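User: I have just opened this structure and would like to learn how to read it. Could you walk me through it?

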Amino acid sequence: MRLGVLDVGSNTVHLIVVDAHPGAKPVPETSQKSILRLMRYLQPDRSISDEGVAKIMEAMHRAADAVKKSKLDHFMPLATSAIREAKNGPELLKRIHRETGIDLQVMSGEEEARTTFLAVRRWFGWSAGRIMLVDIGGGSLELAVGDDELSEHAISVPLGAGRSTVNFLHNDPPTEDQVDELRKYARKLIKEAAETFEGGARPDQFVGSSKTIRSLARLAGSSIDGIGAGQRTTLQKWQLDDWVPRLAKLHSEARPALPGITTDRALQIVAGGVVLSEVMHVFDIKQLDVSPWAMREGVLLDYLDRLPR
């Protein structure tokens with residue numbers, strides 16, 4: 001069975017096509033990505049500018065052409081925080097459907113967190129015990145915790161790497177005061193979010209997913225233990241706190257010369273690092289295990305689970 005997931009996020013329009021069936025690991029077939037960085041196009045009234053809308057429509061037409069060529073058995077097009085929170089989001093969704101035929105389904109922040117948690121649980125398995133998920137997107141930070149495949153608590157916090165960059169890090173490279181203001185603001189919101197998780201048992205394993213966290217893990221010199229065909233990638237808090245101040249002193253154009261930092265994430269990687277550092281501080285996380293699976297894989301797994309056996 002050939003399945004497609006289209007993820008319209010704050011940073012990218014990303015289409016993945018996999019071959020899959022119930023009970024089996026999805027096998028990637030093709031992938032197409034268009035870089036958006038939509039947070040740059042948000043206006044004071046929370047609407048996406050005309051230029052931003054044009055970028056989205058161009059990417060959506062490309063995705064629609066790719067979908068037609070893929071001969072999918074089932075297609076799951078999803079939108080997350082950027083369109084979900086935009087004042088002109090409903091109007092944009094109608095235009096996308098009218099021009100491309102794609103009916104984007106908008107996920108709530110809680111749905112993002114729960115779906116990503118499912119993917120992480122499947123990747124690490126039951127032996128991981130109680131898991132806490134940390135996922136940093138462009139527009140939001142997702143947190144979830146649980147012993148099973150369905151998380152007990154799942155929340156979304158407006159601390160995405162792109163959003164935080166636009167709201168706080170106005171210079172390139174940012175000033176120390178700007179970084180400090182972001183750190184204080186992030187700590188405040190994360191402490192408030194942490195109240196949701198109070199009273200539960202401490203997780204056995206803390207897991208990070210998202211391109212931002214994978215990039216930071218590679219930059220920090222992640223430890224990788226090969227076990228058969230699998231890998232274990234980790235990010236230590238001390239490594240993160242060692243690198244973030246150094247990243248903040250570099251111009252964004254210089255950052256892609258470092259391991260793991262891609263051009264499309266270079267501008268917002270500092271904000272992502274600051275937010276992640278504050279999450280690890282508030283929840284007393286010394287080490288994150290990094291998951292290669294995230295929301296898109298969770299969407300695929302959830303669909304397969306619902307099929308009749």
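This is a predicted model: local features need pLDDT of at least 70, side-chain atom pairs count only at pLDDT 80 or more; totals for chains, interfaces and linings use all residues.

User: What average pLDDT does the protein have?

Analyst: The average is 94, and 97% of the residues score at least 70.

User: How should I read the nonpolar cores?

Analyst: Here is the general idea: in soluble globular proteins, nonpolar side chains tend to be buried together. In this structure the largest nonpolar core has 47 residues. Those with the most contacts inside this core are Val-134, Leu-141, Leu-143, Leu-276, Val-279, Phe-283 and Leu-288. Helix H9, residues 269-282, gives the most to this core, with 8 residues. Apart from it lies another core, of 26 residues, including Leu-15, Tyr-41, Ala-59 and Ala-86.

User: Which residues is Val-134 in contact with, leaving aside its neighbours within four places in sequence?

Analyst: Its partners include Leu-141, Leu-143, Leu-276, Val-279 and Leu-288. Val-134 also touches Glu-142, Val-207, Gly-208, Ser-209, Ile-213 and Ile-285.

User: How many residues line the largest pocket, and which lie nearest its centre?

Analyst: The lining has 37 residues, and Asp-7, His-14, Arg-214, Ala-294 and Arg-296 lie nearest the centre. The space in this pocket is about 710 Å³. By type, the lining residues divide into 11 nonpolar, 15 polar and 11 charged.

User: Which element supplies the largest share of that lining?

Analyst: Strand E2 does, with 5 residues. Among the elements that each supply at least two lining residues are E2 (12-19), strand E3 (27-35), helix H4 (109-124) and helix H10 (295-306). Strand E6 (131-136) and helix H7 (211-219) are also among them.

User: What should I look for in the backbone?

Analyst: As a rule, most residues other than glycine have a negative phi, and most peptide bonds are trans. Here, a cis peptide bond joins Asp-172 and Pro-173, with omega about 0 degrees. Pro-173 sits in the loop between helix H5 (161-168) and helix H6 (176-194).

User: Where are Arg-37 and Ser-210 found?

Analyst: Both have a phi to look at. Arg-37 lies in the loop between E3 and helix H1 (50-70), and its phi is positive, near 50 degrees. Ser-210 is in the loop between strand E9 (205-209) and H7, with a positive phi near 110 degrees.

User: Why does Ser-210 count as buried?

Analyst: Ser-210 counts as buried because its relative accessibility is 7%, and the cut-off for buried is under 20%. Arg-37, with a relative accessible area of 23%, is partly exposed.

User: Is Ala-248 buried or exposed?

Analyst: Ala-248 is buried, with a relative accessible area of 11%. This residue lies in helix H8, residues 237-248. Leaving aside neighbours within four places in sequence, Ala-248 is in contact with Pro-173, Pro-174, Val-179, Arg-255 and Val-270. Pro-173 is the residue joined to Asp-172 by the cis bond.

User: How far apart are the C-alpha atoms of Ala-248 and Leu-169?

Analyst: They are separated by 9.7 Å, while the two residues are 79 residues apart along the chain. You can read Gly-221 and Val-290 in this way too: 69 residues apart in sequence and 13 Å apart in space, C-alpha to C-alpha. Gly-221 is in the loop between H7 and strand E10 (233-236), and is partly exposed, with a relative accessible area of 44%.

How values were computed: Residues are numbered from 1 along each chain as its sequence is written. Side-chain values use heavy atoms; hydrogens and water are left out. pLDDT is the predictor's confidence in each residue, from 0 to 100. A nonpolar core is a set of buried Ala, Val, Leu, Ile, Met, Phe, Trp, Tyr and Cys residues joined through side-chain atoms within 4.5 Å. Buried means under 20% relative accessible area, exposed over 50%, partly exposed in between (1.4 Å probe, protein chains only). Helices (H or I, at least four residues) and strands (E, at least two) are DSSP runs, numbered from the N terminus. Contact means heavy atoms within 4.5 Å. On a 1 Å grid over the protein atoms alone, a cavity is a set of points where a 1.4 Å probe fits but cannot get out, and a pocket is an open set with protein on both sides within 12 Å along at least five of seven lines; lining residues have an atom within 4 Å of a point. Grid points are joined across faces, edges and corners, and a volume is the space filled by probe spheres set on the points. Ala, Val, Leu, Ile, Met, Phe, Trp, Tyr, Cys and Pro count as nonpolar, Asp, Glu, Lys and Arg as charged, and the others, Gly among them, as polar.
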